[in-house]
Structure formats: C-alpha cells, structure tokens
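Let's walk through this protein together, one question at a time. Keep the viewer open and follow along as we go.

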Amino acid sequence: MSAIYIPQLLKAPEKTEVIQVQEFIPGLETLTPVRGTVVVTHRGTYLEVAGKAETIVTLTCDRTLRQYNHRLVVDTTELIWLDENANSTENLPLEREVKSEDLSESLSPQGYFQVQEWLYEQLCLALPLRQLSDEEGEALNYQEESQIDRRWAALEALKKQLS
C-alpha cells in the first residue's frame, strides 16, 4: 500500500481515491491477509477516511492462557484535518495544556496520507481489551458474558416466580 499524496487527491475524480486492500500489514501478526477497502476523500479543509477491513488474529485467553482465533473486523470513518502547521515542531513549549477539542488528527495539506499506517492503527484499536475464550477455545463476546452472570441465576429465578 503506497501513501497518498494529498494534493494529488484534488485532481482525482470526485476528489476520492479507493484503495483495495489484500495484504499482510507489517507489525500486525495475522493468520490471513487484511482484506477490505479504504476510501479517502479530500473535502477542502479535511480528509474523510472510511475503511472496512477484516482479518483473523490469534489471541491468548487472559483466563486460561490458551490460544484461539478471533475475527478482527473494522468498519470506521475518521476526519483528518489539514493544517499547515500539523508536523511543525519548531517553537513548541516543553509543556503545554491541550484542550479536548484539540485532540484530533491533522496532516499537512502538502503531505502524504499513510494508508497502511492508518489501517494498522484502526485494527489495533479493534483488538478486544479482554481476551477470553470458552472451554473449546472459541472467543467469548464480552458483552454477552457480562449480561448473563451465573451467580445471579437464583435471584433471576425468584424474580420470575414473583412476577
């Protein structure tokens, strides 16, 4: 995956470039190549980046330390602001307060958008925080596990009797 030169996007049809992805990403250990699409659109003062991709990774269960395979799916959109001073490190103070509205991604309008790096970051953010598997080595959905807590089963049965 090559980087996209941002001024070149202005000359593309509809100021959009569609990148088909089907490759392994360095630094991301996966069993299958990452497959999907990344769409980058120049909107004047910002880039709109939308990505859909999936792959399979091997994780280690936090509870049993057994390895299991997990389908990693990303379907996200991000706005990246174009700012002339985005990569400037000159005249920066050693410490400065950053407001929450300043916590956004920005690039130089004359720079490059690194598609592979962006996709790597999105896939890493999609990795589950709690890596849990069942007895057969299948991934557990954390939300499902937290909704059904066997310790409260007796109380749930009593609640059903009363209603």
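## Reading the model

Valine 18 lies in strand E2. Please bear in mind that this is a predicted model.

Q: How exposed is valine 18, as a relative accessibility?
A: Valine 18 belongs to strand E2. Valine 18 counts as partly exposed because its relative accessibility is 48%.

Q: What separation do the C-alpha atoms of valine 18 and valine 39 have?
A: Leaving aside neighbours within four places in sequence, valine 18 is in contact with Thr37, Val38 and Val39. Valine 18 and valine 39 are 21 residues apart along the chain. Their C-alpha atoms are separated by 4.5 Å.

Q: In what order do the elements of the protein run from the N terminus on?
A: The secondary structure comes to 4 helices and 7 strands. Read from the N terminus on, the order is β-α-β-β-β-β-β-β-α-α-α.

Q: Where does glutamine 8 lie, and what is its relative accessible area?
A: Glutamine 8 is found in helix H1, residues 6-9.

Q: What fraction of the residues of the protein counts as buried?
A: The accessible surface of the protein comes to about 11,900 Å², and carbon and sulfur atoms hold 48% of that surface. A residue counts as buried under 20% relative accessible area. Of the 163 residues, the buried fraction is 28%.

Q: Why do the buried residues of H2 line one face of the helix?
A: The buried residues of H2 are Val115, Trp118, Leu119, Gln122 and Leu123. Seen down the axis of H2, these residues line one face because they fall within an arc of 130 degrees.

Q: What distance does H2 reach from its first C-alpha to its last?
A: Helix H2 covers residues 115-126, which is 12 residues. At 1.5 Å a residue, the expected value is 16 Å. The model comes close to this, with a reach of 17 Å.

Q: Which strands are included in what covers the buried residues of H2?
A: The buried residues of H2 include Trp118 and Leu119. The cover over the buried residues of H2 includes strands E1, E2, E3, E4, E5 and E7.

Q: Where is the place of threonine 32, and what does its side chain reach at 3.2 Å?
A: Threonine 32 sits in the loop between strand E2 (16-23) and strand E3 (34-42). Leaving aside neighbours within four places in sequence, threonine 32 is in contact with Phe24, Thr55 and Ile56. At 3.2 Å, its side chain reaches the backbone nitrogen of isoleucine 56.

Q: How far does the backbone oxygen of threonine 32 lie from a polar atom of the side chain of threonine 55?
A: Threonine 55 has its place in strand E4 and is buried, with a relative accessible area of 2%. Leaving aside neighbours within four places in sequence, its contacts include Thr30, Thr32 and Pro33. From the backbone oxygen of threonine 32 to that side-chain polar atom of threonine 55, the distance is 2.7 Å.

Q: What is phi of glutamate 14, a residue other than glycine?
A: Glutamate 14 lies in the loop between H1 and E2. It counts as exposed because its relative accessibility is 75%. Its phi is positive, near 55 degrees.

Q: What is the positive phi of leucine 65?
A: Leucine 65 has its place in the loop between E4 and E5. It is exposed, with a relative accessible area of 66%. Although leucine 65 is not a glycine, its phi is about 65 degrees.

Q: How many disulfides does a search of the whole structure find?
A: Cysteine 61 is buried, with a relative accessible area of 1%, whereas cysteine 124 is partly exposed at 28%. A disulfide needs a pair of cysteine sulfur atoms within 2.5 Å. Across the whole structure, the number of disulfides found is 0.

Technical notes
Residues numbered from 1 in each chain as written. Predicted model: local features only at pLDDT ≥ 70, side-chain atom pairs only at ≥ 80, totals over all residues. Heavy atoms only, no water. Buried < 20%, exposed > 50% of the residue type's maximum accessible area, 1.4 Å probe, protein only. Helix = DSSP H or I, 4+ residues; strand = E, 2+ residues; numbered from the N terminus. Polar contact = N/O pair within 3.5 Å; in protein donor to acceptor, adjacent residues only side chain to side chain. Contact = heavy atoms within 4.5 Å. Areas by Shrake-Rupley, 256 points an atom, 1.4 Å probe, with all protein chains shown as cover. Expected span 1.5 Å × (residues − 1). Arc of directions from axis to C-beta.
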